[in-house]
Amino acid sequence: MEKKVPVGVSARHIHLSQEHVEVLFGKGYQLTEFKPLSQPGQFAANETVAVVGAKGSFPKVRILGPARKATQLEVSRTDSFALGVKAPLRESGDTAGSAGITIQGPAGEVTIEEGVIIAARHIHFHTSDADKWGIADKQKLRVRVGGDRGVVFENVIARVSPDFALDMHIDTDEANAAAVNNGDIAEIID
């Protein structure tokens, strides 16, 4: 059985706690939707923030909504060099002991002591897809993408939930190395 998965290329982005949304944009502020994302209920917000590291900054980093429990900036390895931060490779949400950053919005600024990561490549599986293919949550997979610069991605983490839609997420460094675009199809090989 072929196990085909659409690929989403994840550019640098930030998830904000509601507390930080209000520091950066004003008391009571709510993020507004620019466009929906592949995962149900999640969206790219109209709002952006600046992030400032030890060596550099990015003036317009897209916020992904809705607000989360904790603020987290996801960057590529190339981005981490440009910012001058030592962002570890981690699963989303695993920010303990990670790098810090200063975040600037139109109404204020906040510095987080940790929360900057390079997100580990992963595939979101709805539980029905995972069950059909015999894939368990946190399982590490090998995934092939074809084309002129085809590669096999190792250690792709399966993330299984009834709230997810089938989609593989890689960052811009990985996508550029393999000449992969949003919507390309990958195949789980084991």
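1. Ala 107 belongs to the loop between β8 (99–104) and β9 (109–119); strands are DSSP runs of E with at least two residues, helices are runs of H or I with at least four, and both are numbered from the N terminus. Between the C-alpha atoms of Ala 107 and Ala 120, 13 residues apart along the chain, the separation is 32 Å.

2. A word on the basis of these notes. The model is predicted, with local features needing pLDDT of at least 70 and side-chain atom pairs counting only at pLDDT 80 or more, while totals for chains, interfaces and linings use all residues. Residues are numbered from 1 along each chain as its sequence is written, and side-chain values use heavy atoms, with hydrogens and water left out.

3. Turning to the aromatic residues, the structure has 2 aromatic pairs. Rings of Phe, Tyr and Trp (its six-membered ring) pair if their centres lie within 6.5 Å; planes under 30 degrees apart are stacked, over 60 edge-to-face, and the rest tilted. Phe 25 and Tyr 29 form a stacked pair, because their ring centres are 5.1 Å apart and their planes meet at 25°. Phe 125 and Trp 133 are edge-to-face, because their planes stand at 90° with the centres 6.3 Å apart.

4. Phe 25 is buried at 14%, whereas Tyr 29 is partly exposed at 27%. Phe 125 and Trp 133 are both buried.

5. Two arginines also deserve a look. Arg 12 has its charged end over the ring of Phe 58, 3.6 Å from the ring centre, and the charged end of Arg 62 sits over the ring of Phe 34, 4.7 Å from its centre. The criterion is NZ of Lys or CZ of Arg within 6 Å of the ring centre and within 35 degrees of the ring normal.

6. Glu 74, in strand β6 (residues 72–74), is worth a visit. Glu 74 is buried yet has no salt bridge, and the nearest side chain of opposite charge, Arg 68, is 4.9 Å away. For charge, Lys and Arg count as positive and Asp and Glu as negative, with His and the chain ends not counted; a salt bridge needs a side-chain nitrogen of Lys or Arg within 4 Å of a carboxyl oxygen of Asp or Glu. The side chain of Glu 74 does make polar contacts with the side chains of His 15 (3.3 Å) and Ser 92 (3.5 Å). Such a contact is a pair of N or O atoms within 3.5 Å; within protein, one must be able to donate a hydrogen and the other to accept it, and residues adjacent in sequence count only if both atoms are side-chain atoms.

7. Finally, the structure contains 9 salt bridges. One of them joins Lys 4 and Glu 187 (3.9 Å, N to O). Lys 4 is in strand β1 (residues 4–10) and Glu 187 in strand β14 (residues 185–188), so the pair ties together parts 183 residues apart in sequence. Arg 142 forms salt bridges with Glu 154, at 3.1 Å between the closest N and O atoms, and with Asp 190, at 2.9 Å.

Terms used: Buried < 20%, exposed > 50% of the residue type's maximum accessible area, 1.4 Å probe, protein only.
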